[in-house]
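Hello,

Here is the structure we talked about. Please open it alongside this note. My findings follow.

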Amino acid sequence: MESESESGAAADTPPLETLSFHGDEEIIEVVELDPGPPDPADDLVQEMEDVDFEEEEEEEGNEDGWVLEPQEGVVGSMEGPDDSEVTFALHSASVFCVSLDPKTNTLAVTGGEDDKAFVWRLSDGELLFECAGHKDSVTCAGFSHDSTLVATGDMSGLLKVWQVDTKEEVWSFEAGDLEWMEWHPRAPVLLAGTADGNTWMWKVPTGDCKTFQGPNCPATCGRVLPDGKRAVVGYEDGTIRIWDLKQGNSIHVLKGTEGHQGPLTCVATNQDGSLILTGSVDCQAKLVSATTGKVVGVFRPETVASQPSLGEGEESESNSVESLGFCSVMPLAAVGYLDGTLAIYDLSTQTLRHQCQHQSGIVQLLWEAGTAVVYTCSLDGIVRLWDARTGRLLTDYRGHTAEILDFALSKDASLVVTTSGDHKAKVFCVQRPDR
């Protein structure tokens with residue numbers, strides 16, 4: 001496997017004060033390899049103290065558009081009981097994305113096909129403010145690591161950032177057609193992948209910018225590794241690149257038989273960032289060492305294990321890996337497929353441990369922190385909780401009248417927030433039975 005640092009050289013862009021994009025200069029102190037004892041995370045906090053954000057304040061908002069009780073007479077193909085506590089109904093079209101603020105887990109941001117994004121409060125369903133100005137479907141939204149900023153991105157590539165406490169827009173940028181967006185885990189730094197193959201990195205709100213040039217095809221998914229020093233990006237041509245965010249070059253490139261035989265759909269990392277899991281429309285999930293860049297495992301569900309490698313034909317459309325993730329307390333990984341299969345793999349033996357079937361395609365999965373419980377949302381509009389140790393369905397939550405398109409889980413696993421094609425976002429209070 002080769003390293004293509006020369007092809008991944010950073011484009012000519014203005015240097016950052018704390019995110020430098022030339023030579024041996026630093027990008028963020030947290031990502032500098034320091035032989036001394038200080039914690040890189042502490043260094044980052046100190047480095048970013050020049051960005052003066054005030055503490056978040058709770059302010060009264062407009063409750064119009066909120067429905068706190070189950071709705072009657074909802075028209076849809078999935079009518080039935082509504083297990084949700086709060087329904088947010090300000091969107092007028094499908095709601096594509098949701099994210100919770102990481103600091104308090106009390107706020108949500110949602111974006112939709114109506115070109116709208118809203119920041120709202122989970123406890124009582126109160127609207128705080130609208131992230132106005134988008135003219136295309138808002139497909140990405142998220143809070144910064146300290147919950148002081150919220151970013152929204154639409155399909156056309158317009159990204160906007162607001163300061164949460166003042167509700168004021170502090171930054172915007174027009175990139176290429178947007179594929180994904182993510183905040184750095186420890187700094188006010190935003191990353192995004194676009195259809196031209198570039199991965200962008202900005203310091204917010206100054207707007208200092210750096211780009212990582214991938215192959216001439218969309219950068220379909222990406223994730224910053226937990227150390228904040230590297231990012232893994234997957235591309236439409238099946239290649240995977242691990243980028244050094246300080247040097248601006250690709251440390252490892254996986255392509256050909258090492259990469260995927262179809263577009264990447266999702267990536268995930270374990271808690272310490274030593275392992276990366278990638279998923280593709282080729283129905284394969286690949287386990288990659290973040291240190292060596294080598295593939296150390298390949299997973300496929302038993303139901304498709306005998307199928308040939310998928311190409312550009314019909315089979316690639318019939319099934320694909322849609323979501324994946326690592327358990328934090330056991331050596332397990334979960335992979336969700338478009339055909340409704342949830343596969344639980346044992347990383348120690350690299351074998352299939354359980355296969356759980358859904359009635360329709362899985363859209364996303366999330367592991368509950370500190371347990372072996374995995375949550376799934378699917379095209380049938382239902383959230384399900386599974387015990388990964390036994391493969392048993394623990395419970396499910398219903399209320400949407402169309403497919404669930406995204407969901408988020410609070411840190412203490414007390415709330416699940418969903419978005420749907422029924423134009424609604426819902427908050428479910430998750431019961432915690434003895435497991």
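A residue counts as buried when its relative accessible area is under 20%, and as exposed when that area is over 50%. Anything in between is partly exposed. Please keep in mind that this is a predicted model.

First, the chain as a whole. It has two helices and 33 strands. Of its 435 residues, 57% are buried. The accessible surface comes to about 17,400 Å². Carbon and sulfur atoms hold 46% of that surface. Among contacts with a separation of 6 or more, 47% link residues 24 or more positions apart.

Next, the backbone. Most residues other than glycine have a negative phi, and most peptide bonds are trans.

A413 has a positive phi, near 60°, and is not a glycine. Look for A413 in the loop between β31 (404–409) and β32 (415–420). Is A413 buried or exposed? Its relative accessible area is 2%. That is under the 20% cut-off, so A413 is buried.

D115 also has a positive phi without being a glycine; the value is about 65°. D115 sits in the loop between β4 (107–112) and β5 (117–121). Its relative accessibility is 24%, so D115 counts as partly exposed.

V204 and P205 are joined in cis, with omega at about 10°. P205 lies in the loop that runs between β13 (198–203) and β14 (209–213).

Best wishes

How values were computed:
Residues numbered from 1 in each chain as written. Predicted model: local features only at pLDDT ≥ 70, side-chain atom pairs only at ≥ 80, totals over all residues. Heavy atoms only, no water. Helix = DSSP H or I, 4+ residues; strand = E, 2+ residues; numbered from the N terminus. Buried < 20%, exposed > 50% of the residue type's maximum accessible area, 1.4 Å probe, protein only. Contact = heavy atoms within 4.5 Å. Areas by Shrake-Rupley, 256 points an atom, 1.4 Å probe, with all protein chains shown as cover.
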